[in-house]
Amino acid sequence: MLAGSAFAQGAASGAAAAATATDWPTKPVRIITPFPAGAGPETVARVVAEKLSKKWGKPVIVENKPGANGFLAIDAFKRGATDGHDLIQLDNVHLVVYPSLFKKLPYDPVKDFDPIAPLFKTYFFVAVATNSKYKTVGDIVADAKAHPGALNYGSWSVGNPVHLGAAQLEAMTRTQMQHVVYKETSMLYTAVSNGELNFALGSVATAGALQRAGRLKFIAVTAPKRHPGFPDIPTVTESGGPAGYEVTGWTTIAAPRGLPKAVQEKIQRDIEAALAEPDIRERYATFGYDVFPTTKEQYQAFIASESAKYTELIKRLNISLD
């Protein structure tokens with residue numbers, strides 16, 4: 001009798017979970033993003049939100065909360081709904097870089113978030129001025145070895161992928177270069193184009209306009225193989241850089257920790273379906289973004305490997321922020 005009762009309770013629980021997933025969402029869904037309006041990652045969130053709104057029959061609203069390293073967006077998310085009606089778009093730095101970079105964080109990357117579906121991955125290009133003497137990454141490395149501390153590269157903050165990617169190049173080649181911080185990405189790549197900076201890592205979304213205008217040139221891509229949109233540009237390894245060098249940026253949609261598995265799977269499944277649609281793929285091509293669908297287990301393993309890589313790099317660089 002007890003066994004039968006337990007079976008009935010389990011069946012009822014399973015039916016309730018299925019019903020929850022079927023009925024969800026029951027009201028408008030909010031996606032909080034730390035990116036400003038018009039930025040590439042924010043644009044992706046909006047086109048995905050539009051697809052999800054049609055699929056779910058409820059408004060899916062993207063709310064911009066830029067500033068303070070994304071902490072404003074995270075605070076709004078933590079104070080929001082915990083049943084999945086409030087989601088957040090996170091950058092890779094929030095999950096795998098900041099936990100090692102900041103002495104104290106206003107969030108716990110494990111307890112506060114459950115990354116559900118990656119939105120995109122992007123690789124970077126090594127960008128130099130069009131008239132730069134550097135034709136290959138090997139040229140940069142050789143010059144850096146010959147003149148320790150004389151070469152410089154830039155980014156828009158401490159700890160972003162562009163900064164840490166260049167620092168990773170330093171570490172792997174045992175060179176010393178100077179990191180220069182700019183307030184805006186436009187200022188950063190303008191500085192590269194006019195020779196104020198020796199180089200910077202840049203994506204199609206951030207540096208592509210100046211590259212297309214002929215003011216920058218890409219000499220290598222930070223990927224394991226050549227980018228399909230730029231088949232003539234070698235990988236960093238092919239360009240005389242270190243073997244195995246790879247730098248990516250990526251964003252994810254995350255839910256509050258503890259969201260029912262059935263609801264998580266529904267969100268993941270519907271996001272992946274949206275990302276497979278041709279118009280989104282075309283939009284991705286303009287930004288140089290790639291879709292990388294994974295299983296939940298594969299995604300967790302990917303995040304763990306990224307976290308280990310940046311933890312080691314930040315420890316080696318001995319950098320921290322308050």
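I shall speak about a pair of helices, then another helix, and finally the nonpolar cores.

This is a predicted model, in which local features need pLDDT of at least 70 and side-chain atom pairs count only at pLDDT 80 or more, while totals for chains, interfaces and linings use all residues. Residues are numbered from 1 along each chain as its sequence is written, and side-chain values use heavy atoms, with hydrogens and water left out.

Let me begin with E306, which lies in helix 11, residues 296-317. Helices are DSSP runs of H or I of at least four residues, strands are runs of E of at least two, and both are numbered from the N terminus. Is E306 buried or exposed? E306 counts as buried because its relative accessibility is 7%; buried means under 20% relative accessible area, exposed over 50%, and partly exposed in between, with a 1.4 Å probe and protein chains only. Not counting residues up to four places away in sequence, E306 touches N92, V96, T248 and W250, where contact means heavy atoms within 4.5 Å.

One of those partners, N92, is placed in helix 4, residues 92-101. N92 counts as buried because its relative accessibility is 0%. Beyond four places in sequence, its contacts are V97, P161, T248, G249, W250 and E306.

I turn now to helix 8, residues 204-212, where V204, A207, G208 and L210 are buried. Which elements cover the buried residues of helix 8? The cover includes strand 5 (125-129), helix 7 (185-193), strand 8 (200-202), strand 9 (216-221) and helix 10 (278-287). Helix 8 is followed by G214, which has a positive phi near 85 degrees.

Finally, the cores. A nonpolar core is a set of buried Ala, Val, Leu, Ile, Met, Phe, Trp, Tyr and Cys residues joined through side-chain atoms within 4.5 Å. The largest nonpolar core has 70 residues, of which I88, V97, Y98, F113, V126, I140 and F199 touch the most other members. In soluble globular proteins, nonpolar side chains tend to be buried together.
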